Amino acid sequence: MTEETKAPTERAERPAGDAPREFRPAGDRPRFGGGGRSGPGGPPREGGRKFFRRKKVCKFCTEKIADINYKDYRLLGQFVAESGKIVPRRLTGVCSPHQHRLAAAIKQARNIALLPFAGRAS
C-alpha cells in the first residue's frame, strides 16, 4: 500500500522529445531572430575576412555644389528611381541638408514636367 500512495505524488515520465525548459531571463534571448550573425557584415567568409562596406559620402559636399537647381534634370535624375520615387539617403549617401534641398528640387522639377511623377509603364 505504500507504493500506491507514492505513485500519484511522483511525476509521470515525459517522452524523450519533451525535455523540461530551462529558465532564462528575457535579456538572454536574441531579439527578432538575429541569432547567429556576427554583425552588420554577416558571418565571416571562408577566408576569414568580413565584408567591409565603405561609408557613403555626400556627392554635393565632396563636389562642393552649393545650390541644387531644379532645372538640372540630369543631376536630379540620378536621385530618382525607375519607379519615379526619390531614392532615400541611406542608399545614396547624401547628407540630411542636401537631401531636403534635393527632394524640394525634384518636386519642383516634377511640377514643371522636367521629371516624371511615375516610372515608365511596361
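Lys64 sits in the loop that joins helix 2 to helix 3. Its phi is positive, near 55°, in a residue other than glycine, and at 72% relative accessibility Lys64 counts as exposed. The model is a predicted one.

**The chain as a whole**

- The chain has 122 residues, and 18% of them count as buried.
- Among contacts with a separation of 6 or more, 56% are between residues 24 or more positions apart.

**The largest nonpolar core**

- The largest nonpolar core is made of 14 residues.
- The members that touch the most other members are Phe60, Ile68, Leu76, Phe79, Leu102, Ile106 and Leu115.
- Two elements, helix 3 (73-77) and helix 5 (96-111), each give two or more residues to this core.
- Helix 5 provides the largest share, with 4 residues.
- Ile106 is in contact with Leu76, Phe79, Val80, Ile86 and Leu115, when its neighbours within four places in sequence are left aside.

**Helix 5**

- Helix 5 contains 16 residues, and the distance from its first C-alpha to its last is 23 Å.
- That span is close to the 22 Å expected at 1.5 Å a residue.
- Its buried residues are His98, Gln99, Leu102, Ala103, Ala105, Ile106, Ala109 and Arg110.
- The cover over these buried residues includes helix 2 (59-62), helix 3 and helix 4 (89-92).
- Ala113 lies in the segment after helix 5.
- The phi of Ala113 is positive, about 65°, although the residue is not a glycine.
- With 65% relative accessibility, Ala113 counts as exposed.

**Gln99 in helix 5**

- Gln99 is a residue of helix 5, and its relative accessible area of 11% makes it buried.
- The side chain of Gln99 reaches the backbone oxygen of Val87 at 3.4 Å.
- Not counting residues up to four places away in sequence, Gln99 touches Ile86, Val87, Pro88, Arg89, Thr92 and Val94.

**Arg89 in helix 4**

- Arg89 belongs to helix 4 and counts as partly exposed, at 41% relative accessibility.
- Its side chain reaches the backbone oxygen of Val94 at 3.0 Å.
- With neighbours within four places in sequence left aside, Arg89 is in contact with Val94, Cys95, Ser96 and Gln99.
- Arg89 and Lys56 are 33 residues apart along the chain, and their C-alpha atoms are separated by 9.6 Å.

**Lys59 in helix 2**

- Lys59 is located in helix 2.
- A relative accessible area of 24% makes Lys59 partly exposed.
- Lys59 touches Leu75, Gln78 and Phe79, not counting residues up to four places away in sequence.
- Lys59 is 34 residues from Gly93 in sequence, and the two are 7.7 Å apart in space, C-alpha to C-alpha.

**Cysteines**

- The whole structure has 0 disulfides, according to a search.
- Cys58 is buried, with a relative accessible area of 7%.
- The cysteine sulfur closest to that of Cys58 is in Cys95, 3.7 Å away, which is too far for a bond.
- A disulfide would need the two sulfur atoms within 2.5 Å.
- Cys95 is therefore in no disulfide either, as its nearest cysteine sulfur is that of Cys58 at 3.7 Å.

**Points to locate in the structure**

- Two residues described above have a positive phi without being glycine: Lys64, near 55°, and Ala113, about 65°.
- Lys64 is in the loop between helix 2 and helix 3, while Ala113 is in the segment after helix 5.
- Two side chains described above reach a backbone oxygen: that of Gln99 reaches Val87, and that of Arg89 reaches Val94.
- Gln99 and Arg89 are also in contact with each other.

Terms used:
Residues numbered from 1 in each chain as written. Predicted model: local features only at pLDDT ≥ 70, side-chain atom pairs only at ≥ 80, totals over all residues. Heavy atoms only, no water. Core = buried A, V, L, I, M, F, W, Y, C linked by side-chain atoms within 4.5 Å. Buried < 20%, exposed > 50% of the residue type's maximum accessible area, 1.4 Å probe, protein only. Contact = heavy atoms within 4.5 Å. Polar contact = N/O pair within 3.5 Å; in protein donor to acceptor, adjacent residues only side chain to side chain. Expected span 1.5 Å × (residues − 1).
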